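Here's a quick briefing to read with the model open beside you. Have a look at the fold before going through the notes.

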Amino acid sequence: MAFKRSWLPLFLVALVVVMLALAWLPMGDLTPEQRSNKPFLYVSYEIQGDVNVQHLEDVAFDVQQRIEQRHEWRLLDQLEPRAWQLTVTVTSEQLLVLMGNLEAPASDGLSQSVQRFKVQGPADSYAALPEQFVKILIQLVENGHNAQSNL
């Protein structure tokens, strides 16, 4: 009889561990993307300018690479209602200008939130501008996502 009682605490501990493991494992019909806490981001690019289009395309490509390398969000190939929508416009007249138009995902009963931001500098500063642009984008998306999560 004493032998059976010595196994009871071990059995209870094993049962609790199994229950915790089952509660932690993903269940249901949700895809990994739907279970994610990271915001979703859809990005489109526009190049405006007649002169030195290749240079503007290179800057847009640099911005694209920097956005794709970040881990703060999940990028989408198609626009979805749950995604932040970013339009990146690259122009160059006298200055190289990177403009961002960031739209928050549609929320129930809330008005659409749009953030516009711009980074500009001399044409020879093309290496620093994409980095500044992505830093601003990270702050806007994180702050907006946190604000939406707290609603």
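Helices (H or I, at least four residues) and strands (E, at least two) are DSSP runs, numbered from the N terminus. This is a predicted model, where local features need pLDDT of at least 70, side-chain atom pairs count only at pLDDT 80 or more, and totals for chains, interfaces and linings use all residues. Residues are numbered from 1 along each chain as its sequence is written, and side-chain values use heavy atoms, with hydrogens and water left out.

**The sheet**
- Five strands make an open, mixed sheet, ordered β2-β1-β3-β4-β5; two strands pair if DSSP finds at least two bridges between them.
- β2 (74-75) and β5 (114-121) are the edge strands with a single partner strand each, so one side of each has no neighbour in the sheet.
- β1 (residues 40-48) runs parallel to β2, paired over two bridges, and Leu41 has Leu75 of β2 as its bridge partner.

**Aromatic rings**
- There's one aromatic pair, counting rings of Phe, Tyr and Trp (its six-membered ring) with centres within 6.5 Å; planes under 30 degrees apart count as stacked, over 60 as edge-to-face and the rest as tilted.
- Phe117 and Phe133 have ring centres 4.9 Å apart and planes at 35°, so the pair is tilted.
- Phe117 sits in strand β5 and Phe133 in helix α4 (residues 129-149), 16 residues apart.

**Burial**
- Phe117 is buried, at 9% relative accessible area (buried means under 20%, exposed over 50%, partly exposed in between; 1.4 Å probe, protein chains only).
- Phe133 is buried too, at 0%.
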